[in-house]
Amino acid sequence: MAKDIAQVDEREARMGRRVNGKVSVLLTEIEKEEIPDRLLELARKLQSALSEKQQG
């Protein structure tokens, strides 16, 4: 049972790292565009929230 939980936790961690990596790439692309500052701020908050969730 504990092994199953550890496997699920590792899968979730890997998925979180992939998602965070993709968000980072998208954030870099967003920064290159001429977009409203509010959208860029929201994208950064999303990346931060995903990072926090991955660590916690």
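Visitor: Is E31 buried, partly exposed or exposed in this model?
Guide: The model is a predicted one, and in it the relative accessibility of E31 is 40%. Buried would require a value under 20% and exposed a value over 50%, so E31 counts as partly exposed.

Visitor: How many residues apart in sequence are the parts that the pair R44 and E31 ties together?
Guide: R44 and E31 form a salt bridge between their side chains. Because E31 belongs to helix α1 whereas R44 belongs to helix α2, the pair ties together parts of the chain whose separation in sequence is 13 residues.

Visitor: What is the N to O distance in the salt bridge of R38 and E41?
Guide: R38 and E41 both lie in helix α2, where being 3 residues apart separates them by about one helical turn. Each of the two counts as partly exposed, R38 at 47% relative accessibility and E41 at 36%. Their side chains meet in a salt bridge with an N to O distance of 3.4 Å.

Visitor: Which residues are linked with E41 in a network of salt bridges?
Guide: The side chain of E41 meets that of R38 in a salt bridge, and E41 also forms a salt bridge with K45, at 3.3 Å from N to O. E41 and K45 are 4 residues apart in helix α2, and are therefore separated by about one helical turn, while K45 counts as partly exposed at 48% relative accessibility. The residues linked with E41 in this network are R38 and K45.

Visitor: How many salt bridges does the count come to?
Guide: Among them are the pair of R44 and E31, the pair of R38 and E41 and the pair of E41 and K45. Under the rule that a side-chain nitrogen of Lys or Arg must lie within 4 Å of a carboxyl oxygen of Asp or Glu, the count comes to 4.

Visitor: Which helix gives the most residues to the lining of the largest pocket?
Guide: The largest pocket holds about 220 Å³ of space, and D9, E12, A13, M15, G16, V19, L50, K53 and Q54 form its lining. These residues divide into 4 nonpolar, 2 polar and 3 charged. Both α1 (2-32) and α2 (37-55) supply at least two residues of the lining, but the helix that gives the most, with 6 residues, is α1.

Visitor: How far apart in space are K53 and A13, C-alpha to C-alpha?
Guide: K53 lies in helix α2 and is exposed, because its relative accessible area of 69% is over 50%. In sequence K53 and A13 are 40 residues apart, and in space their C-alpha atoms are apart by 9.6 Å.

Visitor: Is K22 buried, partly exposed or exposed?
Guide: K22 has its place in helix α1, and its C-alpha is 9.6 Å from that of Q47, 25 residues away in sequence. With the cut-off for exposure set at over 50%, a relative accessibility of 58% means that K22 counts as exposed.

Visitor: What percentage of the residues of the chain count as buried?
Guide: The chain has 2 helices and 0 strands, and it exposes about 4,800 Å², of which carbon and sulfur atoms supply 56%. Burial requires a relative accessible area under 20%, and of the 56 residues of the chain the part that counts as buried is 9%.

Technical notes: Residues are numbered from 1 along each chain as its sequence is written. This is a predicted model: local features need pLDDT of at least 70, side-chain atom pairs count only at pLDDT 80 or more; totals for chains, interfaces and linings use all residues. Side-chain values use heavy atoms; hydrogens and water are left out. On a 1 Å grid over the protein atoms alone, a cavity is a set of points where a 1.4 Å probe fits but cannot get out, and a pocket is an open set with protein on both sides within 12 Å along at least five of seven lines; lining residues have an atom within 4 Å of a point. Grid points are joined across faces, edges and corners, and a volume is the space filled by probe spheres set on the points. Ala, Val, Leu, Ile, Met, Phe, Trp, Tyr, Cys and Pro count as nonpolar, Asp, Glu, Lys and Arg as charged, and the others, Gly among them, as polar. Buried means under 20% relative accessible area, exposed over 50%, partly exposed in between (1.4 Å probe, protein chains only). Accessible areas come from the Shrake-Rupley method with a 1.4 Å probe; for residues, only the protein chains shown count as cover.
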